Amino acid sequence: MYKKLGDDSHFSDKNIFIYFGINQTMKNPDSILSKNTLDKDDIIALLELDEKDSLKLFAKATEVKSKSVGKITYFRGLIEFSNHCSKNCLYCGIRAGNEHTHRYELDDESILYAAQFAYDRNYASIVLQSGEISSTRFIDRIDNLIKKIKELSDNKLGITLSVGEQSYETYKRWFDSGGHRYLLRVESSTPELYNRIHPQNAHHSFDVRMEALQNLKKIGYQTGTGVMIGLPWQTTEHLANDLLFFREFDVDMVGMGPFIEHSETPLYEYRNTLLPLKQRLHLAFKMIAILRIIMPDINIAAATALQAIDPMGREKAIRYGANVIMPNITPTTNRKNYQLYENKPCIDEGADDCVSCLEKRIEMAGDSIGYGKWGDSRHFYERMKNAGIFTSEAE
Ligand code: SAH
Ligand code: SF4
């Protein structure tokens with residue numbers, strides 16, 4: 001028997017699909033979940049569990065999370081400070097080629113205001129995210145903002161950066177100024193699939209993405225990556241390879257969520273081949289749960305895209321293994337313009353509205369909120385300890 005993710009009936013080029021066999025004897029999750037180490041076949045079998053059987057997987061992930069990182073969710077206030085982008089990723093609503101996007105850039109005052117908001121709310125960390133720009137002006141500006149945010153928070157606010165591929169020197173400069181975590185999704189760890197969802201040119205190179213991830217690690221960032229789940233042409237084998245890639249690369253943090261088609265992007269053409277949204281969401285939950293089991297001490301973010309499909313999507317992810325949520329604290333007037341995908345949640349609400357309901361929902365999911373704590377990846381500390389770099393524990 002063979003299985004793939006979407007429906008390929010709309011494709012003329014059927015060779016692009018990688019089919020794979022499913023070992024029927026592996027369908028019982030209990031025997032797989034009792035193993036110490038999961039191999040690729042195990043992971044594929046878990047990814048293909050139906051809703052009923054996946055409850056066992058989720059229960060195991062909840063247990064592993066509770067023992068390894070505890071039942072605590074950490075907040076990172078997300079500031080989407082600009083949607084200008086030099087890239088043209090085929091899936092993304094704010095790609096350079098989308099002429100319908102109204103471009104914006106927050107001024108320093110608004111960014112610092114949002115950072116102050118996070119600090120006052122005891123979030124302990126923020127994420128600065130934008131499209132990918134590599135001009136000197138942009139690099140200097142980020143550097144200056146990092147320093148100012150450190151200043152306004154008496155060095156206490158943790159800063160995660162997520163502004164795409166940059167040179168080693170730029171990453172180093174921002175690190176030296178106080179950025180200490182970086183999120184750069186690999187999008188897909190399979191080069192052929194990566195190439196299918198990006199334009200074919202040097203500005204969208206898989207090798208450059210890998211090199212950037214290596215550089216971040218070398219410099220000393222807590223390094224985060226991730227993938228989109230439910231992409232056109234994607235199989236469960238690709239996704240299993242993604243999980244194995246995270247383990248092999250020894251990442252500290254992962255943020256991954258469902259791919260959501262955007263009508264103003266080239267990949268929209270393939271919308272009829274995708275898994276239905278609910279199944280994409282379920283697959284994303286399984287990815288998170290398996291990742292928690294194979295990498296118990298990393299930080300896993302419940303991506304905002306989960307919430308675009310299910311209002312409780314992020315909280316369910318928290319129950320199934322994630323331990324980080326990034327409440328959007330971008331000033332509301334600009335939120336509607338930062339549409340990576342459509343149906344993006346909370347675009348009309350103020351930061352306050354989002355947070356008060358989030359708190360209750362996280363408690364319902366069984367976690368408390370790690371207010372005032374950086375909630376750094378324990379995995380990172382283990383990695384540093386093993387390298388003899390430092391000995392203190394994660395806070
Ligand atoms: N420009 C930076 C950060 C902003 S994009 C970067 O690319 O790293 C952040 C993430 O949004 C991307 O890594 C991608 O995985 C996700 N994204 C973009 N378009 C999406 C879509 N249509 N559906 C789901 N996630 C999407
Ligand atoms: Fe730009 Fe990031 Fe969107 Fe790619 S995913 S187009 S780099 S904002």
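A residue counts as buried here if 20 or more other C-beta atoms lie within 10 Å of its own. Keep that in mind for this predicted model, where strand E11 (residues 299-302) has Asn299 and Ala301 pointing one way, Ile300 and Ala302 pointing the other, and all of them buried. On confidence, the protein chain averages a pLDDT of 90, with 89% of its residues at 70 or more.

**Strands E10 and E11**
- E11 has a partner in strand E10 (residues 253-258), and the two run parallel over 4 bridges.
- Across that pairing, Gly255 sits opposite Ala301 of E11.

- Nonpolar side chains tend to be buried together in soluble globular proteins.
- In this model the largest nonpolar core holds 100 residues, and Met287 and Ile288 have the most contacts inside it.
- Helix H10 (residues 277-294) is the top contributor to this core, giving 10 residues.

**The ligands**
- Ligand 1 has 17 residues around it, and the nearest are Cys92, Arg185, Ile260, Leu340 and Tyr341.
- That shell around ligand 1 splits into 9 nonpolar, 5 polar and 3 charged residues.
- Around ligand 2 you'll find Cys85, Lys87, Cys89, Cys92, Ile94, Arg95, Gly131, Glu132, Gly164 and Leu340.
- The ligand 2 shell comes out as 5 nonpolar, 2 polar and 3 charged.
- Cys92 and Leu340 turn up in the surroundings of both ligands.

**Where to be careful**
- Residues 7-25 stay under 50 in pLDDT, and the model gives them 25 contacts beyond four places in sequence.

Technical notes: Residues numbered from 1 in each chain as written. Chains lettered and ligands numbered in written order. Predicted model: local features only at pLDDT ≥ 70, side-chain atom pairs only at ≥ 80, totals over all residues. Near = placed C-beta within 6 Å. Nonpolar A, V, L, I, M, F, W, Y, C, P; charged D, E, K, R; others polar. pLDDT = per-residue confidence, 0-100. Contact = placed C-beta atoms within 7 Å. Core = buried A, V, L, I, M, F, W, Y, C linked by C-beta atoms within 7 Å. Buried ≥ 20, exposed ≤ 12 C-beta atoms within 10 Å, placed from the backbone. Pairing = 2+ DSSP bridges.
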